[in-house]
Amino acid sequence: MSSITIGGLLRRPEAGAALGLVAVLIFFAIFGGLTFLKPAGMSSWLNVAANLGVIAIPLGLLMIAGELDISVGAMVPFGAMTVSVISGHYGLPIWVGVAAALGFGVIVGLVNGILVVKTAVPSLIVTLGSLFAVQGIVLGLTVLITKSTSVALTVEGPAKAIFGDFVLGGQMQVMVIWWLALTALYIFFVHFSPFGNWIFAMGGDKVSARNAGIPTDRLTIVLFILSATSAAFVGMCQAILYNSAQVAGGQSFIFNSIIAVVVGGVLLTGGFGSVVGIFFGTITFAIVTQGIYYTDFDRNWSSLIIGVLLLGAVLMNNTFRKMALSYTPKKGARA
Amino acid sequence: MTVPIIALRGVNKSFGPIDVLHDISLEVKAGEVLCLLGDNGAGKSTLIRLLSGVHQPTTGTIEMDGKPVSFPSPRAASDNGIATVHQFGGTFPLMSIGRSFFIGVEPTKGWGPFKIYDRKRANAVAVKAVQDFGITRIDDGDRLVGGLSGGERQSLAIARAVHFGARVLILDEPTAALGVKQATHVLRIVNEAKRRGLAVVFITHQVMHAMAVGDHFAVLIRGAVAADFKKGEKSREEITDLMAGGASMASLEAEIEGYMASHDGHPPPPAH
Ligand SMILES: Nc1ncnc2c1ncn2[C@@H]1O[C@H](COP(=O)(O)OP(=O)(O)O)[C@@H](O)[C@H]1O
Ligand SMILES: [Mg+2]
């Protein structure tokens, strides 16, 4: 390993996200004190970050691969409603509901992926279609089956503990543990296993990647399955946590996860980014939305901060990427 | 007589009603550079797309080592050892040299599900491969490909092809977008590939570049081979003339030379 230098760190894809996070931390420390960094305050933004982060990372990987998936906005209520209808309304065992929620995630992801691969339609349009289609299915079926738009669900035992409970004194959602564990797993697969290279290559130049022997179609489909299933998973866990599911809600995940990904240093056109960057971007987003409560500002101002942050992050990331591109090691530095 | 590595036998190519290539027969042996010359639209790119599996001949055959082959896809062509390097060389500007070198064949260390990408080895092999081609300025495999100069990128792409066992190297105007110095780099690398026994198909507009590396020249005019000759058989003036598709160029040059001879070496004022 070469030694770590400031310049070396700045050339990494997560540099902008890390600096953005520091800026946000300083901002809220000045205007809101350090309460949001104490355990009680931390769990408020960690919960937001965890639910967002589980979706943002696979979405970010899709964006690195040059695709987009906005159907996650419908998959969150779909996952929640599936487990609630099956295990709440019909009273079937919770594991059946869990399997069905995740299974539907896989199916929608598969359909998205196959449509994107087999047609030349951009993934934004394909998943815009599936966003509305799935929203329609969730609303239509729920009303048809339950005559209501919200369904109650009571879960106890291990399933509650694993998917939808509070830990560490009753403030922090178990989702935070899922998020940290999944992040570690993604870091391994994207940055250490040989497969990660394929995602970057695909986003850099799909045709050349395919000619180099990378199964681009299969990989694209897998990434769509991952994002849809992750969104269904988050919805399912929320239903188990809050003991109910609503047909609406979930759309906020679309923009919020894209913001987290872009602030995290992923290039919108693909080929560049990192899991750690998305992780930082997610935390930054969560701190801005939650940290505002610890300040004297009206919470409505948080959207302004996020807007400015997004633009600032994009500009900063562009600058760092140019630095990375133009970087030439010093003459004679060879050893 | 050695058998050519790759040969075209009576190849025609049409796109629907448009006939682009007519009865092309050409061959390239190991350690030989075939220069494809011709004006814009003559069909040079189409010809090499047949060799690299992007298009298939309408009629006629492609032979490798004397046996007919068909390349239904670019993958099939590269599996047969045919490597195509495009004008801008590396296609993954935001990837590191090491990672882009090993796309699809990443070296790993460790075992089972914990196999991890061996960055050090990838970087070392990639850097050594380009340095062996004489590009000693590339010494850090973590650098992004997009940060290399045009010539370095071409060189990296050629070194990569050779490292992975290419036998035929196809270069479509590799020097067109380069300055003099960068172009010299690429020409040197083409010579090195030739020395290593590759068959090279080299497309260029610049007669000087062609003369610097070519063993064998084919001039395409409106999709047909208008001339096919070996090094030394024709002068630069004749080649330039052929490329322009007529006698105009040579007579223009002769005119200028005549003018200079009778005007103490001063060129004529530019025509208006
Ligand atoms: N896919 C295609 N469909 C129809 N015509 C084509 C196609 N590809 C090339 N051509 C035509 O073939 C001719 C030769 O093109 P090309 O091989 O690109 O020439 P060059 O590389 O020598 O400039 C041009 O007239 C071009 O319009
Ligand atoms: Mg051309």
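A residue counts as buried when its relative accessible area is under 20%, as exposed when it is over 50%, and as partly exposed in between, using a 1.4 Å probe and protein chains only. By that criterion, 46% of the 272 residues of chain B are buried.

This is a predicted model, in which local features need pLDDT of at least 70 and side-chain atom pairs count only at pLDDT 80 or more, while totals for chains, interfaces and linings use all residues. Residues are numbered from 1 along each chain as its sequence is written, chains are lettered from A and ligands numbered from 1 in the order in which they are written, and side-chain values use heavy atoms, with hydrogens and water left out.

Start with chain B as a whole. Nine helices and twelve strands make up its assigned elements; these are DSSP runs numbered from the N terminus, helices being H or I with at least four residues and strands E with at least two. Contact means heavy atoms within 4.5 Å. Among contacts in chain B between residues at least 6 apart in sequence, 64% join residues at least 24 apart.

Now turn to ligand 1. Its surroundings in chain B include B:F15, B:V20 and the residues B:D39, B:N40, B:G41, B:A42, B:G43, B:K44, B:S45 and B:T46. Helix 1 (residues 44-51) of chain B gives the most to this shell, with three residues. Backbone atoms approach the ligand's oxygens. A backbone N or O atom of B:G41 lies 2.7 Å from one oxygen atom of ligand 1. For a polar backbone atom of B:K44, the distance to a ligand oxygen is 2.8 Å. For B:G43, the corresponding distance is 3.0 Å. Taken alone, ligand 1 exposes 570 Å², and the protein buries 62% of that; these areas come from the Shrake-Rupley method with a 1.4 Å probe.

Stay in helix 1 of chain B and find B:L50. Why does B:L50 count as buried? Because its relative accessible area is 1%. Beyond its neighbours within four places in sequence, B:L50 is in contact with several residues, among them B:V11, B:L21, B:I62 and B:F71.

Finally, move to chain A. A:T282 sits in helix 13 (residues 275-291). A:T282 is buried too, because its relative accessible area is 1%. A polar atom of the A:T282 side chain lies 2.7 Å from the backbone oxygen of A:I278. Not counting residues up to four places away in sequence, A:T282 touches A:A49, A:L52, A:G53, A:A56, A:W179 and A:A260.

How values were computed:
Near = heavy atom within 4 Å. Polar contact = N/O pair within 3.5 Å; in protein donor to acceptor, adjacent residues only side chain to side chain.
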